[in-house]
Amino acid sequence: MKNKVAQINSRPFVTYTLLSLMVLVFVIMTIDGGTNNAANLVRFGAKYNPLIQAGQWWRLITPLFIHLSITHILFNGIAFYYMGIQLESLFGHSRFLLIFFISGIVGNLASFAFNDDLSAGASTAIFGLFGAFMMIGETFWENPYVKQMTKSFVLFIILNLAFDLFSANIDIAGHLGGLVGGFLSAYFVGLPRKRFISLPRQIIATITLVIIALALFHLGYVGKY
């Protein structure tokens, strides 16, 4: 019985649930007005600065589950699944869920501060997962496997950001915000075995995360006037 419970708990059900919600929202939007219709995107909760300024703060979360095309959700879904199952096994279910939402919110705050365009997608949180992998790489740099994995992810991040610079309609501010948010939130939630992360580093990362989030909020809301 204990082995069965352990197997159930080890399954990345948070990753499966979040990915299922993304697919479900995409199907519903496709049926009900389309996924690339601006008015429909706003109706379903895309990041739209004027409405966030009006008090609809939930629009910093809902864009994580909205995608603009089959290609958009396909690429995001594959990336999220691949990284999600690994990070959920490393951090545990609740910590992984916190990293997903915190990095996604920080990414959307960065988009709110620096990008006036309508936007949506799980990319902010996906870059947050990249950031979490970077935190693991820094913590376990002496481990050859982790070291190689971190180098691969850093190269992948650089290539993605370079692609963002030369692509239209890409929310690079949101991606960078998510990356930073994921790195810091991974320190904030910590690993299941707390001894791997020093308390001072965890405190500094948490304070930095809060300051960055408040600064982005200020820039997005007050800075518009």
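pLDDT is the predictor's confidence in each residue, from 0 to 100. The views below show a predicted model, where local features need pLDDT of at least 70, side-chain atom pairs count only at pLDDT 80 or more, and totals for chains, interfaces and linings use all residues. Residues are numbered from 1 along each chain as its sequence is written, and side-chain values use heavy atoms, with hydrogens and water left out.

**View 1. Confidence along the chain.** The protein chain has a mean pLDDT of 86, and 86% of its residues reach 70 or more. Residues 1-8 have pLDDT below 50, and beyond near neighbours in sequence this stretch has one contact in the model (contact means heavy atoms within 4.5 Å). Where pLDDT is low, the predicted coordinates should not be read in detail.

**View 2. The largest nonpolar core.** A nonpolar core is a set of buried Ala, Val, Leu, Ile, Met, Phe, Trp, Tyr and Cys residues joined through side-chain atoms within 4.5 Å; buried means under 20% relative accessible area, exposed over 50%, and partly exposed in between (1.4 Å probe, protein chains only). Among the 46 residues of the largest core, Met-22, Phe-80, Leu-87, Phe-91, Phe-100, Phe-130 and Met-135 touch the most other members. Apart from this core lies another, of five residues, including Met-29 and Leu-41.

View 3. Helices (H or I, at least four residues) and strands (E, at least two) are DSSP runs, numbered from the N terminus. The 22 residues of α5 reach 30 Å from first C-alpha to last, close to the 32 Å expected at 1.5 Å a residue (the expected span is 1.5 Å times one less than the number of residues). A kink of about 30° is centred on Gly-84, the bend at a residue being the angle between axes fitted to the seven residues ending there and the seven starting there. After α5 comes Gly-92, with a positive phi near 95°.

**View 4. Two aromatic pairs.** Rings of Phe, Tyr and Trp (its six-membered ring) pair if their centres lie within 6.5 Å; planes under 30 degrees apart count as stacked, over 60 as edge-to-face and the rest as tilted. Tyr-16 and Tyr-81 are stacked, because their ring centres are 6.3 Å apart and their planes lie at 20°. Tyr-16 belongs to helix α2 and Tyr-81 to helix α5, 65 residues apart. Phe-100 and Phe-101 pair edge-to-face, at 5.1 Å centre to centre and 80° between the planes.
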